[in-house]
Structure formats: C-alpha cells, structure tokens
Amino acid sequence: QVQLVESGGGLVQPGGSLTLSCVASGTFFTINAMGWYRQAPGKQRELVASVNSGGAINYEDSVKGRFTISRDNAMNTVYLQMNSLKPEDTAVYYCNARGYVHYQSMYFDDWWGQGTQVTVSS
C-alpha cells in the first residue's frame, strides 16, 4: 500500500511561480517512476512531467522551459517547480507513482495523490 500526499498549490498571478511537492509513503514497495498530471475543468487529464528511476525526464510540450521536475535523494519525494505561469496552467495537479509491491508476491501497480488546485489569475 502506497500513499501519495501533495502540497503547494494555490492562487498565483500570471507570470508567477509555485512549487508542488509529493511525498510517497508505505511498506513493501518500490517506485520506479513519478510524475505530475493535471486536469482542467471539462478537459482530459494530461501528463505534465515525469521522471523514472534512471533519471530520464519527460515534459509536455507546453511546459518545456517553464516547469522543472525533480526527485530527492531518498527517491520518495517528487517536486514540480512551475515558473512563468499562465492562466492555461490552471488545473488540479495530481501526483502519480508507478512501481511494484513486494510482500510475499510481487505486483506492478500505480498510485495517485488526492490532487492540489493551481489557479493562475489576476
């Protein structure tokens, strides 16, 4: 069982910055990849950025050059630094982790955080 807890969302003016954090906790699990998704009202959830255990990073085209994803040394926390925010970035941002649980047997799985609201407006 893996729990993901996000924090750092809020209201910011266009051009401003926010940093999101996500902490994973649990037992008998190994996380290979972590990422951030977002979902705006009336739209599909989309991948914003991801990083795997080997350090490979992927960004959605619209956030390249503005957002930065990173993980801490313990590999249980992922961050999303968001700069030059635009109204189009307004959405609920969700942390995601993929890996496997290994207790008596092994299962690949993924987990989601509860979401944190990011609103970019004057």
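**A conversation about the core, strands and salt bridges**

Student: Which residues touch the most other members of the largest nonpolar core?

Tutor: In this predicted model, the largest nonpolar core has 30 residues, and Leu-4, Met-34, Trp-36, Leu-80, Met-82 and Tyr-93 touch the most other members.

Student: And which elements give two or more residues to this core?

Tutor: They are β1 (2–7), β3 (18–26), β4 (29–39), β5 (46–52), β7 (67–71), β8 (77–82), β9 (91–103) and β11 (116–120). The largest share, five residues, comes from β9.

Student: Let us step back to the whole chain. How many helices and strands does it have?

Tutor: The protein chain has zero helices and eleven strands. From the N terminus on, its elements therefore read as β-β-β-β-β-β-β-β-β-β-β under the DSSP assignment.

Student: Why is the chain said to be as compact as a globular protein of that length?

Tutor: The radius of gyration is 15 Å, which is close to the 14 Å that the globule rule gives for 122 residues, so the chain is as compact as a globular protein of that length. Along the principal axes, the C-alpha atoms fill a box of roughly 55 × 25 × 20 Å.

Student: What percentage of the residues is buried?

Tutor: Buried residues make up 37% of the 122 residues. The chain exposes about 6700 Å², and carbon and sulfur atoms supply 49% of that area.

Student: What about contacts between residues that are at least 6 apart in sequence?

Tutor: Among those contacts, 54% join residues at least 24 apart.

Student: Back to the strands, then. In which sense do β3 and β8 pair, parallel or antiparallel?

Tutor: β3 and β8 pair in the antiparallel sense, over six bridges. One example is Leu-20, whose bridge partner in β8 is Leu-80. Leu-80 is also among the residues that touch the most other members of the core.

Student: How many bridges are there between β7 and β8?

Tutor: There are five bridges between β7 and β8, again in the antiparallel sense. Here the bridge partner of Thr-68 is Gln-81 in β8.

Student: And what lies between the strands in that hairpin?

Tutor: The hairpin of β7 and β8 has five residues between the strands, and Met-75 takes a positive phi near 65°.

Student: New topic: how many salt bridges does the structure hold?

Tutor: It holds four salt bridges. One of them joins Arg-38 and Glu-46, with the closest N and O atoms 2.8 Å apart.

Student: Are those two residues buried or exposed?

Tutor: Arg-38 has 6% relative accessibility, so it counts as buried. Glu-46 has 31%, so it counts as partly exposed.

Student: What else does Arg-38 meet in a salt bridge?

Tutor: The side chain of Arg-38 also meets that of Asp-89, at 3.0 Å from N to O. This pair links distant parts of the chain, since Asp-89 is in the loop between β8 and β9 while Arg-38 is in strand β4, 51 residues apart. Both Asp-89 and Arg-38 are buried.

Student: Which arginine forms a salt bridge with Asp-89 at 2.8 Å?

Tutor: That is Arg-66, whose closest N and O atoms with Asp-89 are 2.8 Å apart. Arg-66 is in the loop between β6 (57–59) and β7, 23 residues apart from Asp-89. Arg-66 and Asp-89 are both buried.

Student: Which residues do these shared partners join into one network?

Tutor: Salt bridges that share partners join Arg-38, Glu-46, Arg-66 and Asp-89 into one network.

Key: Residues numbered from 1 in each chain as written. Predicted model: local features only at pLDDT ≥ 70, side-chain atom pairs only at ≥ 80, totals over all residues. Heavy atoms only, no water. Core = buried A, V, L, I, M, F, W, Y, C linked by side-chain atoms within 4.5 Å. Buried < 20%, exposed > 50% of the residue type's maximum accessible area, 1.4 Å probe, protein only. Helix = DSSP H or I, 4+ residues; strand = E, 2+ residues; numbered from the N terminus. Pairing = 2+ DSSP bridges. Rg over C-alpha atoms; globule rule 2.2 N^0.38 Å. Contact = heavy atoms within 4.5 Å. Areas by Shrake-Rupley, 256 points an atom, 1.4 Å probe, with all protein chains shown as cover.
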